[in-house]
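Please look over the structure before reading on.

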Amino acid sequence: MMRKLMVAGNWKLHGNQAMLRQWLADFDAFDESLKGLDVALCVPYVYVPLLKAAAADSIITGAQDVSAHDTGAHTGEVSAKMLQDVGTQLVLIGHSERRQDHGESDDLVRAKFQQALAQGLMPVVCVGESQQQREQGEAFAVIERQLKAVIDLLNVDNAAQCFIAYEPIWAIGTGLTASAEQAQEVHQFIRSQLASKDVTMARQIRLLYGGSCKGSNAFELFSMPDVDGGLIGGASLTAEDFMAICQQAKKQLNKTQSS
C-alpha cells in the first residue's frame, strides 16, 4: 500500500510569536502545491493556539509533549484533552531529548501514548539509539525495547493516525546523518517488529526519519521503501529550509505516482 508522506517540523525550545507569524508568511509565499503530502509543525505549548489560528488547515498543528495524566494535581503538566481543546492535532512522545533531559522511561512513554490516543491526537513515538549503543551493536535491541512499550496498543483501527519516528541520537544536531541505507535498515526492522503483531497494521503506520535531514539528503532518504517522511529539527526553523525538504518529498511523491 502507498502511505502518505509526512514532513513534520520540531522547533524544540525556539521561537516567539513574531518568528512564527513570519515563518508562516514565508512558507505561504512559496505558493507551491504540496497536495498529497502531510505537513506538520510542532511548536512550544504557548504557541500552539497561534499556529492553529494562523495556519488554518494548511499545516497540521503539533505539540512537543503531553502529560501522562488526564487531570489532577500535576503542576506544569498539559493534558491531551487540553491540547485537543486548543486545536492540537499531533504530538511528539518520547523524543530523545525528553528521555535524556527528563529521564522519561518506556512506561511513561506508554502512558503518554495512551493519553494522546484517547483524545484523538496523532502520536509520534520517537525511538533511537545513541552512538555508543550503535557501536556496541545494540541499536536493534534498544529500538525493540522502546517499541515494546507501545506495540500492543497499536491496531488496524488506530495505525493510520500513529507514527514511529526513528531518531539516531548520534545524528541529532550533530550534522551527522544516517545514510539512506542505514535509515532503511532500521525502518525495515521497525516495520518487521510491528508486523510480528499485525501485518496490516504494520503496512499502515508511517515511519519517519529524524536526524539532520535537510533539503540535500531528503529525496534519497524519502526514496527508501520504509521511510515515510521526516521529523525535522534545525532545518524547520526557517521556512526556506523546511520548504526545501517538503519540495523533495513532493518530488518523491511525483516519482512514485508516475512509476
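## Helix packing and selected residues

In α7, the residues Phe140, Ile143, Glu144 and Leu147 meet Glu185, Val186, Phe189, Ile190 and Gln193 of α8. By class, this contact of α7 with α8 has six nonpolar, one polar and two charged residues. Here Ala, Val, Leu, Ile, Met, Phe, Trp, Tyr, Cys and Pro count as nonpolar, Asp, Glu, Lys and Arg as charged, and the others, Gly among them, as polar. Contact means heavy atoms within 4.5 Å.

The model is predicted: local features need pLDDT of at least 70 and side-chain atom pairs count only at pLDDT 80 or more, while totals for chains, interfaces and linings use all residues. Residues are numbered from 1 along each chain as its sequence is written, and side-chain values use heavy atoms, with hydrogens and water left out. Helices (H or I, at least four residues) and strands (E, at least two) are DSSP runs, numbered from the N terminus.

Helix α7 covers residues 139-148 and helix α8 residues 180-195; the two pack at an angle of about 40°, with their axes 11 Å apart. Axes are lines fitted to C-alpha atoms, for helices over the stretch in contact, and angles run from 0 to 180 degrees between N-to-C directions. The helices α7 and α8 are therefore oblique to each other. Angles under 35 degrees count as roughly parallel, over 145 as roughly antiparallel, 65 to 115 as roughly perpendicular and the rest as oblique. The crossing of α7 past α8 is right-handed, a term for the near helix being turned clockwise from the far one, whereas anticlockwise by less than a right angle is left-handed.

Helix α1 takes part in two further pairings, listed here.

| Helix pair | Axes come within | Crossing angle |
|---|---|---|
| α1 (residues 17-29) and α11 (residues 239-258) | 9 Å | roughly 40° |
| α1 and α2 (residues 48-55) | 11 Å | roughly 25° |

With axes crossing at roughly 40°, α1 is oblique to α11. This crossing of α1 and α11 is right-handed. Trp23, Asp26 and Phe27 of α1 make the contact with Ala239, Phe242, Met243 and Cys246 of α11. Its classes are six nonpolar, no polar and one charged residues.

Helix α1 passes α2 in a right-handed crossing. On the α1 side the contact is made by Gln17, Leu20, Arg21 and Leu24, and on the α2 side by Leu50, Leu51, Ala54 and Ala55. By class, the contact of α1 with α2 has six nonpolar, one polar and one charged residues.

Lys12, in the loop between β1 (6-10) and α1, has phi near 55°, a positive value in a residue other than glycine. Asp31, in the loop between α1 and β2 (38-43), has phi near 50° and is likewise not glycine. Is Asp31 buried or exposed? At 71% relative accessibility, Asp31 counts as exposed. Buried means under 20% relative accessible area, exposed over 50%, and partly exposed in between (1.4 Å probe, protein chains only).

Gly229, in strand β8 (residues 229-232), is buried, with a relative accessible area of 0%. Gly229 touches Leu5, Met6, Leu207, Leu208, Tyr209 and Phe222, leaving aside residues up to four places away in sequence.
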